[in-house]
Structures are given as C-alpha cells and as structure tokens.
Amino acid sequence: MRPHERLLQMLSALLIQVNALQTLLEPADTASSSEDRSNTTALRQGMTVLEQMTRELLYVVRSTGDDLPAGEL
C-alpha cells in the first residue's frame, strides 16, 4: 500500500473512531452536576473540533492525491 493510500485509510479510521466516541457522550442536560455538564460540553466540543480537523485533512490529502502523479504519492 502506498503512503498516500495508507494516510487516507488512517484518517478515515480516525474519523470513524471520533464519530463512535461522540455517540458515547451523554447529552449535557442529563449530567448530574454542573461540573459534569461542563466536562461533557468540553468533551463534545473537543470531539467536534477533532472531527472537523480530520475531515479537513481527508479533503487535503484526497485533493493532493488527485493533483500529483502516481510516482509522487
């Protein structure tokens, strides 16, 4: 497997993991204390940032791969 393909595979796997973790976070309004709600909100926001970063990297890698000859990937 070429490095470019491996990077795409790894980023895709990362995105799947981020999405899986996001589903495990309980809604902020069901947390028992204000500290729990704050922590849950911070975790949810952090996971959203990771998801956005991963999607952006996937886009960049895919678009770069389309522009480069196969020997340069």
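1. First, the ground rules. This is a predicted model, in which local features need pLDDT of at least 70 and side-chain atom pairs count only at pLDDT 80 or more, while totals for chains, interfaces and linings use all residues. Residues are numbered from 1 along each chain as its sequence is written, and side-chain values use heavy atoms, with hydrogens and water left out.

2. The overall make-up. The protein has 2 helices and 0 strands (DSSP runs numbered from the N terminus: H or I of at least four residues for helices, E of at least two for strands). Of its 73 residues, 21% are buried; buried means under 20% relative accessible area, exposed over 50%, and partly exposed in between, with a 1.4 Å probe and protein chains only. The accessible surface is about 5,300 Å², and carbon and sulfur atoms hold 59% of that (Shrake-Rupley method, 1.4 Å probe; for residues, only the protein chains shown count as cover).

3. Contacts along the chain. Among contacts (heavy atoms within 4.5 Å) with a separation of 6 or more, 67% join residues 24 or more positions apart.

4. Helix 1. Which residues of helix 1 are buried? They are His 4, Leu 8, Leu 11, Leu 15 and Val 18. Seen down the helix axis, these buried residues fall within an arc of 85°, so they line one face of helix 1 (the arc is taken from the directions from the axis to the C-beta atoms). On the other side, Pro 3, Ile 16, Thr 23 and Leu 24 are exposed.

5. Salt bridges. The whole structure has 2 of them, each being a side-chain nitrogen of Lys or Arg within 4 Å of a carboxyl oxygen of Asp or Glu. In one, Glu 5 pairs with Arg 2, with the closest N and O atoms 3.7 Å apart. Glu 5 is partly exposed at 36%, and Arg 2 is partly exposed at 37%.

6. The other pair. Arg 55 and Glu 51 meet at 3.0 Å, N to O. Both lie in helix 2 (residues 34-67), 4 residues apart, about one turn of the helix.

7. A nonpolar patch. Val 49, Leu 50 and Met 53 make a nonpolar surface patch of about 260 Å². Patch residues have over 30% relative accessible area and no salt bridge; like charges are joined within 9 Å, and nonpolar side chains (Val, Leu, Ile, Met, Phe, Trp, Tyr) within 5 Å. Val 49 is in helix 2 and is partly exposed at 42%.
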